[in-house]
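Thanks for coming, everyone. Please take a look at the model on the screen, and I will walk you through it.

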Amino acid sequence: MPQFHRALGVLAGKWKGEILWQLVQRKHRFGELRQSIPGVTQHMLTTQLRDLEANGLVKRTVYPEVPPRVEYEITPSAQALKPMFDELFKWSQEYGFPAAAPPKASPRGENEHPKPPRQNHP
């Protein structure tokens with residue numbers, strides 16, 4: 001059980017799943033990864049890639065060119081996660097979650113989902 005908790009800890013974290021999903025498909029350069037994951041900042045992508053690399057899931061290769069070219073790919077241990085990603089993809093196709101629609105405005109211009117009343121605490 002402790003190994004499972006450690007494994008979840010390595011995989012948990014905002015963007016790690018999406019980074020691994022992209023790298024399961026093929027190698028990517030940093031800019032390609034950033035473009036393929038909407039909303040991720042350069043700092044967060046760098047941080048998560050470093051963490052995944054430190055945990056042996058991502059391999060970073062720097063080519064001695066000018067300007068330097070850096071590619072990221074998954075390691076064999078991360079490649080073993082591909083069946084899990086395939087199943088998660090199938091699950092998302094069958095039970096996927098639709099994009100949340102913004103709340104509709106009422107005739108008075110208020111949201112249909114009013115805020116709960118404030119609690120007065122003594």
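Y63 has R69 as its bridge partner in β3. Before going on, two notes on the source. This is a predicted model, in which local features need pLDDT of at least 70 and side-chain atom pairs count only at pLDDT 80 or more, while totals for chains, interfaces and linings use all residues. Residues are numbered from 1 along each chain as its sequence is written, and side-chain values use heavy atoms, with hydrogens and water left out.

Now the strands themselves. Helices (H or I, at least four residues) and strands (E, at least two) are DSSP runs, numbered from the N terminus. Two strands pair if DSSP finds at least two bridges between them.

Strand β2 covers residues 58–63 and pairs with β3 in the antiparallel sense, over six bridges. A hairpin of five residues joins β2 to β3. Which strand pairs with β3 over two bridges? That is β1, residues 28–29, again antiparallel, with β3 spanning residues 69–74. There, H28 stands opposite Y72 of β3.

**Salt bridges**

Back to R69. A salt bridge here is a side-chain nitrogen of Lys or Arg within 4 Å of a carboxyl oxygen of Asp or Glu. The count by this rule is eight. R69 makes one with E65, where the closest N and O atoms are 3.1 Å apart. R69 makes another with E71, at 3.0 Å between the closest N and O atoms.

E65 has 36% relative accessibility, so it counts as partly exposed. E71 has 15%, so it counts as buried.

Next, helix α6. K90 forms a salt bridge with E87, and their closest N and O atoms are 3.0 Å apart. K90 is partly exposed because its relative accessibility is 49%. E87 is partly exposed too, at 47%. K90 and E87 are three residues apart in helix α6, so about one helical turn separates them. Elsewhere, salt bridges with shared partners link K27, E65, R69, E71 and E73 into one network.

**A surface patch**

Stay with α6, residues 82–95, which holds W91. W91 has a relative accessible area of 39%, so it is partly exposed. L88, W91, Y95 and F97 form a nonpolar surface patch with about 490 Å² of accessible area together. Patches take residues with over 30% relative accessible area and no salt bridge; like charges are joined within 9 Å, and nonpolar side chains (Val, Leu, Ile, Met, Phe, Trp, Tyr) within 5 Å. Accessible areas come from the Shrake-Rupley method with a 1.4 Å probe, and for residues only the protein chains shown count as cover.

**A buried lysine**

Last stop: K16, in helix α2, residues 16–25. Where does K16 fall on the accessibility scale? K16 counts as buried, because its relative accessibility is 4%. What does K16 touch, beyond its neighbours within four places in sequence? Its contacts (heavy atoms within 4.5 Å) are G9, V10, L11, Q48, D51 and L52. A polar atom of the K16 side chain also lies 3.3 Å from the backbone oxygen of A12.

Definitions and conventions:
Buried means under 20% relative accessible area, exposed over 50%, partly exposed in between (1.4 Å probe, protein chains only). A polar contact is a pair of N or O atoms within 3.5 Å; within protein, one must be able to donate a hydrogen and the other to accept it, and residues adjacent in sequence count only if both atoms are side-chain atoms.
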